[in-house]
Amino acid sequence: MTSVDPAEPDETGDADAMPAPPRKSLSRNSAVMVAGTATSRGLGFARNALLVAAIGATSVAANAYDIANRLPNVMFAILAAGVLNAVLVPQMVKAFARPGGKRTVDRILTIGGVLSLAITIIATLSAQLWVHLYTHNWPPEMVALATAFSYWCIPQLFFYCVYTLLGEVLNSREQFGPFMWAPALNNVVAIIGLGIYLWVFGPFIEPASTAEDLANISDWTPDRIALLAGFATLGIAAQALILIVPMVRGGYRWRWQWKGPKGELAVVGTIAKWSLAAVLVEQVAVTLVTRVSAAAAVAASPDIVASNAAYFQAMSLYMVPHSLVTVSLITAMYTGMARFAVTGNIPALRAGTSRGLRVTGVFTIFATIAMLVLAPLITRAAIPTVSGDDVIAISQVLMVMMLGLVPLGATVMIKRLYFALEEARAIFLMHIPMALVWIATAYAFQLFTDPRWWTVGVAFGMALSNWTGVLLRVGGLRRRLGGGGGARVLRTHVRALVAGLVAGVVGLVAVRFAPAAESLSGWGGLFTAVACVIIIGSVMLAVYAAMLKLLHVSEFDEAVAPLMRKIRRN
């Protein structure tokens with residue numbers, strides 16, 4: 001698409017008018033995003049393997065770095081994922097649909113960018129306070145290391161916000177590809193940085209005990225910290241700034257616009273208020289349960305157990321099927337959902353929601369069962385440098401997390417629907433019981449179980465929280481849409497679950513003939529684990545597809561049709 005200068009008026013004389021990109025089908029938009037996400041995730045596995053090779057998965061340095069790297073993500077969730085990401089698409093769709101709407105979008109980017117920069121500076125200067133908030137009973141040397149990492153990691157917040165702001169401009173104009181492909185550049189930059197780190201400082205050597213690991217903190221010099229964390233932030237910056245290219249090529253060129261007509265952003269402010277409150281509730285829960293998992297490492301000393309860094313490794317694997325299918329599908333659908341909400345087309349909105357819940361359910365049910373069966377092998381294949389004990393610890397957390405994958409997809413769909421309808425208050429009310437369930441479960445595990453199970457308890461609480469959110473919002477969803485096609489959604493999920501259980505039994509039988517994941521090591525162990533995951537996973541998928549066909553689940557055919565057409569053409 002050729003670049004268009006928005007300063008030049010169109011045929012109607014509107015200086016702010018821009019060419020609208022051609023609309024593409026949902027399946028094509030989803031396919032573009034799945035391809036970008038899959039590429040990014042593949043590079044992410046390589047990046048994560050190098051990170052574990054550099055600092056371990058359950059070490060003191062790994063836990064300190066995890067806290068530091070978690071901080072900008074938590075702050076981003078508050079500023080962007082809860083406010084900007086969900087609120088902006090409907091408002092930008094409205095703005096681009098009316099004369100002079102570009103000026104409104106310019107103003108949103110201007111205000112959002114300035115506020116993000118100011119908050120990032122304040123958060124970076126108060127890094128030590130944030131570290132203390134997320135840790136409990138950590139030795140001073142661990143807190144100091146996490147703080148040093150944080151000074152380099154927290155600036156990622158600004159670039160996360162820029163990435164979201166620019167990405168939503170692209171998404172509102174149905175230019176979905178760049179937003180999903182940009183994280184691949186982030187991973188490339190990070191991989192280069194980790195490669196340099198390993199070349200300069202060498203790989204992580206597993207200590208004999210936590211005491212020995214604490215004694216090694218003195219090895220973390222400022223240049224070593226800067227190299228590891230600095231490249232991580234550089235990758236996020238590249239991910240954000242690369243979006244300027246497709247945005248300009250698509251016809252949008254930002255201009256500074258701080259002021260505007262009174263009340264122009266009133267709706268944005270109202271929705272942002274409730275969505276911010278919802279995310280704050282969620283992040284209170286995240287803070288408290290992180291303290292539980294972070295305390296496990298110290299409480300279990302001298303034994304090495306799954307702590308907050310192991311939780312992060314499990315979460316990275318848990319999010320793969322969600323980001324590949326659910327996020328890609330919902331992102332592609334959301335612009336249309338926003339358009340239906342703006343025009344009051346409730347039947348189309350209802351049909352789209354039902355379709356999204358059914359298609360994502362077909363994928364997430366299989367992903368849940370497959371990853372439950374293959375969790376140790378997947379952990380070994382994805383993180384080949386961890387020890388056998390670490391494989392067991394991480395895979396246990398992953399298996400419990402997987403129990404919440406199906407409701408996670410449904411929750412994201414329902415939340416986006418409420419945002420499209422500009423009813424963010426309902427999202428806030430949904431988050432309160434979800435947070436309470438998560439916190440109560442995590443602290444119950446801390447009170448009544450051994451420290452080795454505390455992080456597992458945090459994962460179990462997250463799964464229960466996701467189910468709580470879905471079950472509490474079903475009635476509200478039906479009232480707002482005049483019926484949500486719940487019976488059809490339930491039938492599809494039940495049939496998919498039956499098909500998944502049959503595939504799961506086949507997978508369990510096959511796993512009995514595979515070597516134990518914790519016994520695999522080196523390049524040979526990596527190739528063995530990858531081969532087992534591919535072979536057993538393919539057999540399970542074939543059985544699942546056959547069962548879905550037998551049970552007349554048409555959503556599977558609908559989802560894979562674009563891929564099959566491409567294969568036939570090639």
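A cavity is here a set of grid points where a 1.4 Å probe fits but cannot get out. In the predicted model described below, two cavities of 30 Å³ or more are found.

The chain is built with 20 helices and zero strands. Of its 570 residues, 56% are buried, and the chain exposes about 23,600 Å², of which carbon and sulfur atoms supply 69%. When contacts between residues at least 6 apart in sequence are considered, 86% of them join residues at least 24 apart.

At least two of the lining residues come from each of α1 (26–55), α2 (60–96) and α12 (308–343), and α2 gives the most, with four residues. By class, the lining of this cavity comprises six nonpolar residues, three polar residues and one charged residue.

The second largest pocket has a volume of about 660 Å³. It is lined by 27 residues, of which Val 406, Trp 467, Val 470, Val 489 and His 493 are the closest to its centre. Two or more residues of the lining are given by each of α13 (346–382), α15 (405–420), α17 (454–481) and α18, with α13 giving the most, at seven residues. The lining of the second largest pocket divides into 18 nonpolar, eight polar and one charged residues.

Helix α18, which contributes to the lining of that pocket, covers residues 486–511. Its 26 residues should span 38 Å at 1.5 Å a residue, and the distance of 36 Å between its end C-alpha atoms agrees with this expectation. The buried residues of α18 include Val 489 and His 493, both of which are also among the residues closest to the centre of the second largest pocket. Also buried in α18 are Thr 492, Ala 496, Ala 499, Gly 500, Ala 503, Gly 504 and Gly 507. Residues three or four places apart in an α-helix point the same way, because there are 3.6 residues a turn.

A corresponding agreement in length is found for helix α5, residues 140–153, where 14 residues should span 20 Å at 1.5 Å a residue and the end C-alpha atoms are 20 Å apart. In α5, Met 142, Val 143, Leu 145, Ala 146, Thr 147, Phe 149, Ser 150 and Cys 153 are buried. For Ser 150, which is found in helix α5, the relative accessible area is 0%, and Ser 150 is classed as buried because this value is under the 20% cut-off. When residues up to four places away in sequence are not counted, Ser 150 touches Ala 68, Leu 71, Ala 127, Val 131 and Pro 155.

Towards the end of the description, His 552 is considered, a residue in the loop between α19 (522–550) and α20 (554–569). Most residues other than glycine have a negative phi. The phi of His 552, however, is near 60°, a positive value in a residue other than glycine. The relative accessible area of His 552 is 66%, and therefore this residue counts as exposed, the cut-off being over 50%.

Methods:
Residues numbered from 1 in each chain as written. Predicted model: local features only at pLDDT ≥ 70, side-chain atom pairs only at ≥ 80, totals over all residues. Heavy atoms only, no water. Buried < 20%, exposed > 50% of the residue type's maximum accessible area, 1.4 Å probe, protein only. Contact = heavy atoms within 4.5 Å. Areas by Shrake-Rupley, 256 points an atom, 1.4 Å probe, with all protein chains shown as cover. Expected span 1.5 Å × (residues − 1). 1 Å grid on protein atoms, 1.4 Å probe; cavity = no way out; pocket = protein on both sides within 12 Å on 5 of 7 lines; lining within 4 Å. Points joined across faces, edges and corners; volume = space filled by probe spheres on them. Nonpolar A, V, L, I, M, F, W, Y, C, P; charged D, E, K, R; others polar.
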